[in-house]
Amino acid sequence: MRNWIYGVAAASLMVGMLQAGPAEAFERVEGRKVVVFGGRQAIPVLDPHVRYDWSTRMMQQAVYDALVKYEGNPAEIKPWLAERWETSEDGKTWTFHLTGNAKFHNGDPVDAEAIRYSFERGLKLNKGVAWMLKDFLTPENIEVVDARTIRFKLNSPYSAFLSFLPWWYVVNPKEVKANEVDGDYGQKWLTDHAAGSGPFKLKRWEPNVLYEVEAVADYWKGWPQGEANRPGGVIYRIIREPAAQKASLQRGEADIVEGLTPDDYVQMARQRGVTIQDYPGMTTFSIKFNTQQGPTADKNLRKAIAHALDYDGLVQIYNGAAKLQTSPFPDAIRGHISVPSVPRKDLAKAKEFLAKSQHPQGGVTLEYYHVAGLEEARRIGLLLLDNLAPLNIKVDLRPEQWPNMVAKGAKVETSPAMTSVFVTPISTDPDAVAYQYHPNSHGQYFAMSFYNNPDVTAKIDTARRTSDWNERAKLYAEIQTQIVEDQPEVFGMLQNRRWAHRDYLKGFVFSPVRFTGEVDLYPLWIDAK
Amino acid sequence: MVLFTLRKVAVLIGTMLGLAALTFIITNVAPGDPARLVAGPDATNDMVETIRREYGLDRPLVEQFVIYMGDLLTGDLGRSIVSTRSVMEELARYVPATLELVLVAMTLGILIGVPFGMLSAVYKDRFIDQVTRILSISGVALPAFWFGILLQLFFAVRLELLPVSGRLPLTALAPEPITHLLLVDTLLRGDFETFREALSHIILPAIVLSFPCLASILRVNRAEMIEVLQSDYIVAARAHGIDSRRIVMLYALKNALLPTIAMIGLRFGWMLGSTVLVETVFDWPGIGLYAVSSALASDFKPVVGVTLVIGFLFMITNMLVDLAYAWIDPRLRSAR
């Protein structure tokens, strides 16, 4: 009887899926169309100096502006609140000249004092974005030269300085100070309010449900799609389940979604009225070894594992929507080189390395941790299990909640032998990736391997303090080659970034430096009656 | 009766404190570092410490526990480390949505389960009995998340009759709250358009949530009715030529209802727990969804808060069931 019920239900499911037709309806506010973005992740705190992740940053960028902005593919830093800037010869002093017409949503001008206050706030709160600059910049060394000029004096040269500025959003000091409680720098208020100058202003904030922003009609920078085409606003709606995201897109309840499964993307690409955006991303997938303790402290064993893995299988898990890593650095990072010795499947070589290791006959069992519920990571674990069998190495698959994985990876004693980790660099500057291999990063999830090569560490330190790009490029090439040689991880693949949207949605611009599902909402518009 | 009620309330308070203590300990000894998670993937150790200090996570667990229990006695459930808001404020936002969903689902379960259980017993082994048995087995067997997705695909995508998820359309605004239950508030405010929208949004999640409950009520009521219909006093009533409808509705159903009411009480608590799955599938902004997102982020205080709310509602329901027992069965009243 139960089989019969399941049969009927499955048939209904299939019929439903096959016959689902596209809907053509958009939300409208005051006669203008509103873009509906369906995303999996909530935005608990909007404060630009307290938190960031892909969904938070997407909305922060909608309501706030920064001195500069990342745009395009490859990502380039473009003038924004700052129309131009210059650097001193020693690379320690940066002077930015502000555009004269930028104004906050309440009409106040965006002046140098607003910039100074915003950087001071970010540094003093010591949360969110603070890590990017705190080692090089103190609030006392930010100088207001005049209303349109701001100067930063760094403690020491920091070549990646500019690359982080797009994520330092500017708040209106007057509004924030007016809402301070017990000297909290307005943190409580800015959790679900905004004091920005961006192309959108905050309209509705319903935690765990939706967040709505309204287009600023006279946005100081203008609208790239033209005033006639600019949307009335954007609704970011939380749709957690991939199946519900797909259904919402089909039904027209969402104009763009970001969280479909690899199979769903393939299926939706065949659906009339739907466009798939598919780009090589900057998110690396790697299997981090614990290089300090246990069997994987042995470099030869690590190399044996790296040469036993079927790399084509990795790409197949994503239905081909991924590209193999050719270096520890993603391709879109400045100074990336393809390291010739990066391992590919070669069982004979794997056996050679194994023979040189402390476990020449294999006979070890290694834990492989992956995020519970992340199907792709689990399937990669199964691939590993299969591929390591010829080396007589057993793999113990351990699904774990992300917070617990992070906690395990924080200490060398508890860091697993193998952990699957996805990492998205914060900027296109090579320091953003190289520093993950610096001992100062130990304790963070991307440094679970506890990699420590004094030569590499010294080169990372030198490169981040060097202004001359040619010199830096040479150092980063050496760093990449040495990391590959040391094999602190299996260098896996760069998963494509994908979105599915209705074909009436225009203005989508991909930029690899954005996080997983993050989209620049500013140029989007709906081209339909 | 007053003594009975006071005793029940004392037990309720004791149980709540025990529940809070137990949940606090379980969630805090579980692995995971919420401060590091909230600080962000690139945060340095001193940034993580800033968060720890702010939320008192740098103190010994025993001290944290004493502070938490002390705050609890004053009605303060602490602050969510993820959203930075007061847990009490957040619960006040999410509980009504869950309560509304559970009440609608429970109403559906009772309105369908009781009559069909009765019909199934009266027409045992006939067509209607076979149909209701299929219904009851399906209700117990179908996984909620799968059933939910199935209904979404069929009614929302295929037939375009109902919305996929959410509580209201994207641009619709909820009326000024009176009870915080959307269906009730829209009616009280005379906003029938929003009422219609709210109703269309709640139908699918309520069906999914009610299905297992409906099945249990149906099965229990059927079994009890079959037993009661075979008892001597029913046979005697039939022998006296009393109308069959009167026998079933007046004599049999009332006696068969006692275990059904117990089942309803139990199922209410179960339903509150099941909202975790249903609310996730339908993005229903209630405590189930809140509990899931908090647990996944190792945000312990909301998890304890949700547990307390569910525990409280469960115990209140059981108290009401006890009172209903006494109302239905005079023997229990006199025994007390």
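Residues 9-30 of chain B form a span that is 95% helix and 0% strand, with end C-alpha atoms that lie 31 Å apart; helices (H or I, at least four residues) and strands (E, at least two) are DSSP runs, numbered from the N terminus. This is a predicted model, in which local features need pLDDT of at least 70 and side-chain atom pairs count only at pLDDT 80 or more, while totals for chains, interfaces and linings use all residues. Residues are numbered from 1 along each chain as its sequence is written, and chains are lettered from A and ligands numbered from 1 in the order in which they are written.

**Annotated spans of chain B**
- An unreviewed UniProt entry lists residues 9-30, 101-122, 134-157, 198-218, 248-270 and 303-328 of chain B under "transmembrane region", and such annotations may be inferred rather than shown by experiment.
- Among them, residues 248-270 of chain B are 100% helix and 0% strand, and their end C-alpha atoms are 30 Å apart.

**Helix α6 of chain B**
- Helix α6 of chain B, residues 127-141, has 15 residues and reaches 21 Å from its first C-alpha to its last, close to the 21 Å expected at 1.5 Å a residue, where the expected span is 1.5 Å times one less than the number of residues.
- Buried residues of α6(B) include B:T132, B:S136, B:S138 and B:G139, a residue being buried if 20 or more other C-beta atoms, placed from the backbone, lie within 10 Å of its own.
- Seen down the axis of α6(B), its buried residues fall within an arc of 160°, so they line one face of the helix; the arc is that of the directions from the helix axis to the C-beta atoms.

**Where chains A and B meet**
- The contact takes 46 residues from chain B and 52 residues from chain A, with two residues counted as in contact if their C-beta atoms, placed from the backbone, lie within 7 Å.
- On the side of chain B that touches chain A, α7(B) gives the most, with eight residues.
- That side of chain B divides into 26 nonpolar, 14 polar and six charged residues, where Ala, Val, Leu, Ile, Met, Phe, Trp, Tyr, Cys and Pro count as nonpolar, Asp, Glu, Lys and Arg as charged, and the others, Gly among them, as polar.

**Residue B:A35**
- B:A35 is found in helix α2 of chain B and is buried, with 21 other C-beta atoms within 10 Å.
- Leaving aside neighbours within four places in sequence, B:A35 is in contact with B:V48, B:I51, B:R52, B:Y55 and B:L57.

Technical notes. A residue is buried if 20 or more other C-beta atoms lie within 10 Å of its own, exposed if 12 or fewer, and partly exposed in between; C-beta atoms are placed from the backbone.
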